[in-house]
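Subject: Structure for you to look at

Hello,

Here is the structure I said I would pass on. Please open it beside this message and read the two together.

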Amino acid sequence: MEFVLSADKKEIKSKNLNISITEFVLLGFSDVPQLQWMLFGIFLFMYLSILISNSIIMLITRTDSALQTPMYFFLSNFSFVEICYVTVTIPRMLMDLCTQKGTISLLSCAVQLCFVIMLGGMEFLLLTVMAYDRYVAICNPLHYPLVMNNKVCVQLVAACWICIIPVVTGQTYQIFSLPYCGSNKIHHFFCDIPPLLKLACGDTFVNNLAIYIASVVFIMVPFLLILVSYGKIICNVLKLATSGRRSKAFSTCSSHLIVVVLFYGTATITYAQPKAYQSETLGKLLSLFYTILIPLLNPIIYTLRNKDIMVALRKLQTKLSTYGNT
């Protein structure tokens with residue numbers, strides 16, 4: 001009798017393993033149902049704030065003649081990527097908070113993952129390009145207009161997109177080629193690599209290896225390039241004769257450095273950490289940090305610590321008040 005029962009259990013288990021998953025369930029914040037509407041209000045406010053603040057940065061960098069420089073061209077592109085990045089994750093999260101369902105098809109999950117990785121990787125590459133721009137501006141000021149002309153700036157941004165798109169597309173295809181035949185519940189509020197790999201039934205060694213290689217190429221290598229750029233910038237700045245020129249040079253770089261530390265710190269912990277040490281709760285908190293909080297802080301960091309942008313904002317305010325009075 002016991003033999004028959006154990007055989008039946010094995011048969012049921014094997015049948016479950018043969019069932020392929022057609023949709024996932026994003027659990028998100030279902031563990032705190034009493035806070036659903038409060039979280040909805042907070043995240044909606046944050047999302048609108050990110051859209052408005054980054055849109056304002058894009059507007060003033062395109063319309064103000066004083067901001068028609070490579071540094072603000074890259075900042076405008078960074079703001080555009082930020083808007084796209086939060087739009088991939090937050091609206092879906094807000095909808096799940098309202099409906100309290102969280103179901104997402106396999107295709108939708110793949111598309112979301114693809115854009116999350118692509119836009120996140122694009123941000124890292126843009127931060128590297130921005131560091132290079134500051135290096136040329138401070139260490140080679142006489143050659144700066146020649147080296148960082150409009151054509152070069154456009155080519156650098158285009159090169160970032162060309163580098164990231166095929167890698168991300170291939171990695172997404174590789175992840176969703178894995179068999180998903182167990183639980184379909186993702187302990188996250190969007191489709192991300194670590195929680196998806198935990199649900200895969202097959203061998204994920206190749207996928208984990210690909211993630212580590214991609215982390216090295218798109219996180220560690222750009223981070224080292226940024227460190228080298230700022231190492232040379234600091235050495236060059238310390239050689240300046242007056243303290244006023246030194247403080248001005250440091251002020252143009254400090255906001256960028258703060259953003260670099262925030263981005264690279266959270267990304268390294270999330271994607272370069274061994275799978276065995278990954279906590280679902282910690283992963284969710286870190287994801288909230290780099291998908292919502294950092295995009296919210298970036299415009300504040302860049303505006304409050306940048307005199308040119310503050311002046312441009314006052315000009316825009318004056319224009320809007322003038323149009324309002326007429």
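Below is what was found in it, starting with how the numbers should be read.

This is a predicted model, in which local features need pLDDT of at least 70, side-chain atom pairs count only at pLDDT 80 or more, and totals for chains, interfaces and linings use all residues. Residues are numbered from 1 along each chain as its sequence is written, and side-chain values use heavy atoms, with hydrogens and water left out.

Helices and the UniProt record

Helices here are DSSP runs of H or I with at least four residues, strands are runs of E with at least two, and both are numbered from the N terminus. The unreviewed UniProt entry places the feature "transmembrane region" at residues 37-60, 72-90, 110-132, 152-169, 209-228, 249-273 and 285-304. UniProt positions are given in the numbering used here, feature names are shortened, and annotations may be inferred rather than shown by experiment. In the model, residues 110-132 are 100% helix and 0% strand, with 33 Å between the end C-alpha atoms. Residues 152-169 are also 100% helix and 0% strand, and their end C-alpha atoms are 26 Å apart.

The core

A nonpolar core is a set of buried Ala, Val, Leu, Ile, Met, Phe, Trp, Tyr and Cys residues joined through side-chain atoms within 4.5 Å. Buried means under 20% relative accessible area, exposed means over 50%, and partly exposed lies in between (1.4 Å probe, protein chains only). The largest nonpolar core has 91 residues, and Phe24, Phe43, Leu127, Tyr180 and Leu196 have the most contacts inside it. Helix α4 (residues 106-139) gives the largest share of this core, 20 residues.

Contact means heavy atoms within 4.5 Å. Setting aside neighbours within four places in sequence, Phe43 is in contact with Phe29, Ile90, Met93, Leu94, Leu97, Leu288 and Ile292.

Thr89 sits in helix α3 (residues 70-99). Is Thr89 buried or exposed? Thr89 counts as buried because its relative accessibility is 1%. Apart from neighbours within four places in sequence, Thr89 touches Gln112, Val116, Phe190 and Thr291.

Thr172 belongs to helix α6 (residues 150-176). Its relative accessible area is 7%, so Thr172 is buried. With neighbours within four places again left aside, Thr172 is in contact with Ala110, Leu113 and Cys114. Thr172 and Met118 are 54 residues apart in sequence, and their C-alpha atoms are 10.0 Å apart in space.

Salt bridges

A salt bridge is a side-chain nitrogen of Lys or Arg within 4 Å of a carboxyl oxygen of Asp or Glu. By this rule there are three salt bridges.

- Asp64 pairs with Lys315, with the closest N and O atoms 3.9 Å apart. This pair links distant parts of the chain, 251 residues apart: Asp64 is in the loop between α2 (36-63) and α3, and Lys315 is in helix α11 (residues 307-325). Asp64 is buried, at 10% relative accessible area, whereas Lys315 is partly exposed, at 41%.
- Asp96 pairs with Arg92 at 3.4 Å, N to O. Both lie in helix α3, four residues apart, about one turn of the helix. Asp96 is buried, with a relative accessible area of 11%.
- Arg134 pairs with Asp133 at 3.0 Å, N to O, and both residues are buried.

Regards
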